[in-house]
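Thank you all for making time this morning.

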Protein chains: 2
Amino acid sequence: MYTESLVKLGKVRSEIREIFEYGNKRKAEIGAENVFDFSIGNPSVPAPKSVNDAIIDLVNNFDSVALHGYTSAQGDAKVRTTIANYINNRFNTEIAPDNIYMTCGAASSLTIVFNAIMQKDDECIVFTPYFPEYGVFLERTGAKLVAVKSEDKTFQVDMKGFEAAINEKTKAVVINSPNNPSGVVYSVETIEKMCDLLRKKEKEYGHPIFLVTDEPYRELVYDDIEVPYLINYYDDTFVCYSYSKALSLPGERIGYIVVSPKMKDAGDAYAAVCGAGRALGYVCASSMYQRVIEKCIDDTADISIYKVNRDLLYNNLTEMGYECVYPDGAFYLFVKAMGDDAHEFCEKAKEHELLLVPADSFGTPGYVRISYCVQTKQIEDALPAFKKLAESYQK
Amino acid sequence: MYTESLVKLGKVRSEIREIFEYGNKRKAEIGAENVFDFSIGNPSVPAPKSVNDAIIDLVNNFDSVALHGYTSAQGDAKVRTTIANYINNRFNTEIAPDNIYMTCGAASSLTIVFNAIMQKDDECIVFTPYFPEYGVFLERTGAKLVAVKSEDKTFQVDMKGFEAAINEKTKAVVINSPNNPSGVVYSVETIEKMCDLLRKKEKEYGHPIFLVTDEPYRELVYDDIEVPYLINYYDDTFVCYSYSKALSLPGERIGYIVVSPKMKDAGDAYAAVCGAGRALGYVCASSMYQRVIEKCIDDTADISIYKVNRDLLYNNLTEMGYECVYPDGAFYLFVKAMGDDAHEFCEKAKEHELLLVPADSFGTPGYVRISYCVQTKQIEDALPAFKKLAESYQK
């Protein structure tokens with residue numbers, strides 16, 4: 001009667017959400033300060049002051065009918081010009097405003113791109129660990145998600161496994177660097193190898209294999225790590241960007257797609273993006289928030305706090321005997337579950353009031369995700385609990 | 001290579017948009033005051049002051065991380081409670097907050113509901129004239145749009161034609177009252193007849209036939225006309241509401257779906273809506289605008305101006321010999337093209353600097369849409385041009 005797969009999807013509450021709800025219940029029972037909730041990837045740092053200043057300025061000084069009125073479907077032309085200039089200055093690209101399509105954040109960027117390029121039975125490659133929603137977004141297009149196992153421990157791309165997974169049905173490859181949940185950033189060398197392979201395979205199969213780069217964490221990198229801008233490495237690239245983490249605006253749903261101007265039939269690709277946005281019901285991205293982005297184009301939230309948190313958590317947990325992936329970016333620490341069963345490990349962690357997320361649904365059983373987008377004090381207070389948890393396995 | 005139907009969709013610029021662009025060009029040539037643009041259905045009245053006050057209050061006084069943070073996917077619980085209470089008080093219903101799902105406006109409400117209920121080869125009935133995007137939204141689900149011709153001149157439902165169109169594949173019926181582009185409002189009597197027929201057909205075919213009511217114009221009715229609240233007339237109803245016109249916030253994309261609590265398997269229906277929202281990439285509706293709605297729940301934009309415009313336009317055009325549908329709601333006047341060919345008529349109108357929209361794409365050839373969401377002065381100034389246009393046919 002109702003669309004079965006969607007009823008199922010709507011009923012399966014996400015595991016992360018379940019843990020989060022458990023945390024709220026537990027906090028009510030024993031006090032918020034005694035529960036160490038590391039489950040949710042919600043920025044803990046407020047939006048920069050410039051965002052709220054921009055909102056107030058727009059509301060007070062911008063014509064109200066225009067401010068809250070429709071923009072063109074691809075986004076306000078002035079806003080897209082500002083973003084194109086910003087990208088070109090920063091990454092030395094030649095992107096035009098008409099290569100940019102404003103969206104309601106990364107999730108909508110991805111669904112729009114997937115609908116634009118994926119047809120029934122096409123295959124889309126992702127690398128473990130991967131954001132489970134990729135599968136949800138692909139399902140409606142009839143395409144298939146193909147997960148390629150990453151290298152043990154480093155979670156860098158296993159090039160042999162990658163090559164073996166590509167076949168004539170391969171239509172797209174998703175890169176998510178910095179990665180949720182591993183925090184891993186792909187080096188220039190890795191990207192170059194991947195792109196060389198893809199170009200070879202494009203030739204072999206005689207059709208494009210698109211790179212879809214999911215970049216909500218681009219700005220969240222530490223120690224001057226460079227995140228290669230993929231349009232400079234591979235022509236058939238769609239960039240899916242979001243301001244959710246960069247400006248701490250996850251609930252406002254604002255981001256964009258860049259269709260590389262060097263893509264084969266870039267005009268058709270952009271038209272397909274516009275058509276997909278329209279068919280999925282995205283009339284335009286919030287007109288006010290588009291203009292907020294224009295005004296705050298050079299800003300980010302104060303992400304220095306995430307670096308403090310990362311160092312504190314990584315150094316201490318490693319010292320306690322946890323096997324951690326060193327995160328160059330994002331705000332997650334990816335840790336091998338002691339005892340190897342991540343669900344068991346997370347249940348045991350709960351006994352110490354630690355709320356962690358088993359990474360099975362990310363395609364990496366045996367690992368857990370610890371979100372460190374929290375107050376630094378929570379990490380400090382949680383360290384004894386992490387120690388006890390480790391000791392319970394070391395007896 | 002790209003999804004063909006979406007490339008096509010992205011390339012075909014909407015006819016309305018074309019006329020609008022022509023208008024901008026023409027205004028640059030001969031001055032804005034000399035071009036009478038009646039093409040776009042964009043509210044001309046600003047959002048009420050309470051909206052901008054609410055925004056400033058939220059930005060200044062609400063915790064910033066929470067204000068701009070994710071809400072739950074179905075929308076903030078407090079916001080949904082406020083909306084449920086408002087609906088229950090106004091329409092004497094028994095809607096719970098968990099029957100409401102916050103969306104990015106009516107277009108996304110419709111795509112989400114269509115994905116939740118329509119499967120390949122299902123049929124969805126609409127009545128002429130109808131919003132052409134219905135077809136676009138349905139296409140991705142694989143379902144088929146079936147247009148039922150409305151009664152001549154009144155554009156009320158032709159019950160015989162409606163009955164003849166229903167078959168075992170009929171899964172949904174869209175009602176858009178007040179109607180874009182005719183301005184027609186369905187009476188209680190019409191609604192009761194339609195619902196009786198649908199209940200009979202549900203029994204006959206042994207499966208639900210859903211009523212999807214597209215209500216962006218609900219608040220825009222004049223002379224105390226009543227718009228029946230469909231949940232009170234038919235159990236299997238999805239209400240797709242938007243604040244775009246009610247609060248003059250079309251660019252901010254905020255609205256909601258109500259899943260009638262009396263629907264068969266209402267829990268599954270709501271789950272399907274949640275699943276569809278997730279699969280289409282709608283993570284949540286703008287967290288800030290959700291709270292703006294909560295604060296402005298009792299307000300509307302000053303729609304009295306639309307009534308002034310309607311009366312001015314309807315009375316004068318009728319007097320000039322135009323055959324107009326009397327609009328009880330929305331902000332469109334639906335007029336029979338003199339000479340019967342709407343495209344020819346609109347081209348001729350251009351010679352008098354009048355920009356009107358041929359309604360062929362609404363399923364009603366021979367009619368034109370005149371949007372009166374404009375400054376009243378524009379209508380006053382345009383009357384001589386309308387007169388000349390009429391006279392050119394009366395020679």
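Let me start with a term: a disulfide, as used here, is a pair of cysteine sulfur atoms within 2.5 Å. Please keep in mind that this is a predicted model, in which local features need pLDDT of at least 70 and side-chain atom pairs count only at pLDDT 80 or more, while totals for chains, interfaces and linings use all residues. Residues are numbered from 1 along each chain as its sequence is written, chains are lettered from A and ligands numbered from 1 in the order in which they are written, and side-chain values use heavy atoms, with hydrogens and water left out.

How many disulfides does a search of the whole structure find? Over all chains, the search returns zero. For C104(A), the closest cysteine sulfur is in C104(B), and at 4.7 Å it is too far for a bond. For C296(A), the closest cysteine sulfur belongs to C104(A), 18 Å away, which is again too far for a bond. Both cysteines are buried, meaning under 20% relative accessible area, where exposed is over 50% and partly exposed lies in between, with a 1.4 Å probe and protein chains only: C104(A) has 8% relative accessibility, and C296(A) has 2%.

Turning to chain A as a whole, its secondary structure comes to 14 helices and 13 strands, these being DSSP runs numbered from the N terminus, with helices (H or I) of at least four residues and strands (E) of at least two. Its radius of gyration, taken over C-alpha atoms, is compared with a globule rule of 2.2 Å times the number of residues to the power 0.38; the value is 21 Å, close to the 21 Å that the rule gives for 395 residues, so chain A is as compact as a globular protein of that length. Of those 395 residues, 61% count as buried.

A cis peptide bond joins T128(A) and P129(A), with omega about -10°, and P129(A) lies in the loop between β3 (123-127) and α7 (133-139) of chain A. In chain B, the bond from T128(B) to P129(B) is also cis, with omega near -10°.

Finally, A330(B), which is not a glycine, has a positive phi of about 60°; this residue sits in the loop between β9 (324-325) and β10 (332-336) of chain B, and it counts as buried at 0% relative accessibility.
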